[in-house]
Amino acid sequence: MSEPSNKNIYSELSGNLTRGCLFIISAPSGAGKTTLCNAILKKFPGLCYSISHTTREPRTGELNGVDYFFITDDEFKNNIKKDTWAEWAQVHGHYYGTSAQFIDRHLSEGKNILLDIDVNGARQILCRYPQSITIFIMPPTFDTLKQRLLKRGTDSEQVIAKRLKNAETEIAQKDLYKHVVVNDSLPEAIKTLSAIVSANQTS
Ligand code: ADP
Ligand code: 5GP
């Protein structure tokens, strides 16, 4: 199944009626996106996290309905047919998607939402909600990225190799994003990210 095109489905919700703000965070795997998102969510309790759906296996410690909704390939593909995703993509060989119902309901309630999605997903969300604030997290160096993936210890060598290969393609698209934050010193990156959220959140 091929990913959706970037057709402009600019809805009423992305116009004047929208009160909440969407923050899209993308990064190559291992750059520290999850660590940074968790820190930001702690700092801004009003910010709600969009829990994605995925067909990949849970990592040790990951919980269904907390880190992701873990679903089967068939469930995912049925939802593509039913057009329930605000965006979806295949990343590192698995499906990942964001519920349109979740986003539209929370935006219409005036909530600010944080999305941790890949570059293809970010493009689709930008078409649907053009006012989204886009942030790309960069590792200080490619070698640091590799070290962080190894240190995290959650993925096999084969999976790490695949993620590093994809990282080059992802980094090449960073100009799509309004903000680029280098995650070298964690406290500095949290400070920069917090300033972006503070300046753009709507409530
Ligand atoms: P991602 O969600 O982008 O795949 P993680 O948040 O899981 O990345 O981070 C990958 C690893 O790097 C984790 O072990 C995390 O603790 C570590 N890490 C994250 N940010 C930093 C940083 N600024 N300095 C050193 N280690 C970091
Ligand atoms: P991981 O498997 O390491 O949790 O995530 C792998 C990649 O999938 C990351 O780049 C992450 O941002 C991306 N991702 C997670 N959820 C979604 C989603 O709902 N949609 C899209 N397009 N990408 C996602």
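A pocket here is an open set of grid points with protein on both sides within 12 Å along at least five of seven lines, and a molecule sits in a pocket if more than half of its atoms lie within 2 Å of its grid points. The model on screen is predicted.

**Stop 1: ligand 2**

Select ligand 2, which sits in the largest pocket. Two strands, β5 (85–91) and β6 (94–99), are the elements that give two or more residues to the shell around ligand 2.

Next, display the shell itself. There are 18 residues around ligand 2, and those that come nearest are Ser52, Arg56, Tyr68, Tyr96 and Asp116. Colour the shell by class to see 6 nonpolar, 5 polar and 7 charged residues.

Now pick out individual contacts to the oxygen atoms of the ligand. Start with Ser52: a polar atom of its side chain is 2.7 Å from an oxygen atom of ligand 2. For Thr98, the distance from a side-chain N or O atom to an oxygen atom of ligand 2 is 3.3 Å. Arg163 also places a polar side-chain atom 2.7 Å from an oxygen atom of ligand 2. Switch to a surface view: ligand 2 taken alone exposes 510 Å², and the protein buries 96% of that.

**Stop 2: an aromatic pair**

Leave the ligand and select the aromatic side chains. The whole structure has 7 aromatic pairs. Go to Phe76 and Trp88, whose ring centres are 6.3 Å apart; their planes meet at 70°, over the 60 degrees cut-off, so this pair is edge-to-face. Phe76 belongs to helix α2 (residues 73–81) and Trp88 to strand β5, so show both elements: the pair links distant parts of the chain, 12 residues apart. Strand β5 was already on screen as a contributor to the shell around ligand 2.

**Stop 3: ligand 1**

Select ligand 1 and the 14 residues that surround it. The closest are Gly30, Lys33, Thr34, Thr35 and Arg152. By class, this shell divides into 3 nonpolar, 6 polar and 5 charged residues.

A side-chain N or O atom of Thr34 is 2.5 Å from an oxygen atom of ligand 1, and a polar side-chain atom of Thr35 is 2.6 Å from an oxygen atom of ligand 1.

How much of ligand 1 does the protein cover? The protein covers 80% of the 560 Å² of accessible area that ligand 1 has on its own. The space taken by ligand 1 is the largest pocket. To finish, show helices α1 (33–43) and α5 (142–152), the elements that give two or more residues to the shell around ligand 1.

Notes
Residues are numbered from 1 along each chain as its sequence is written. Chains are lettered from A and ligands numbered from 1 in the order in which they are written. Side-chain values use heavy atoms; hydrogens and water are left out. A residue is near a molecule or strand if one of its heavy atoms lies within 4 Å of it. A polar contact is a pair of N or O atoms within 3.5 Å; within protein, one must be able to donate a hydrogen and the other to accept it, and residues adjacent in sequence count only if both atoms are side-chain atoms. Accessible areas come from the Shrake-Rupley method with a 1.4 Å probe; for residues, only the protein chains shown count as cover. On a 1 Å grid over the protein atoms alone, a cavity is a set of points where a 1.4 Å probe fits but cannot get out, and a pocket is an open set with protein on both sides within 12 Å along at least five of seven lines; lining residues have an atom within 4 Å of a point. Helices (H or I, at least four residues) and strands (E, at least two) are DSSP runs, numbered from the N terminus. Ala, Val, Leu, Ile, Met, Phe, Trp, Tyr, Cys and Pro count as nonpolar, Asp, Glu, Lys and Arg as charged, and the others, Gly among them, as polar. Rings of Phe, Tyr and Trp (its six-membered ring) pair if their centres lie within 6.5 Å; planes under 30 degrees apart count as stacked, over 60 as edge-to-face and the rest as tilted.
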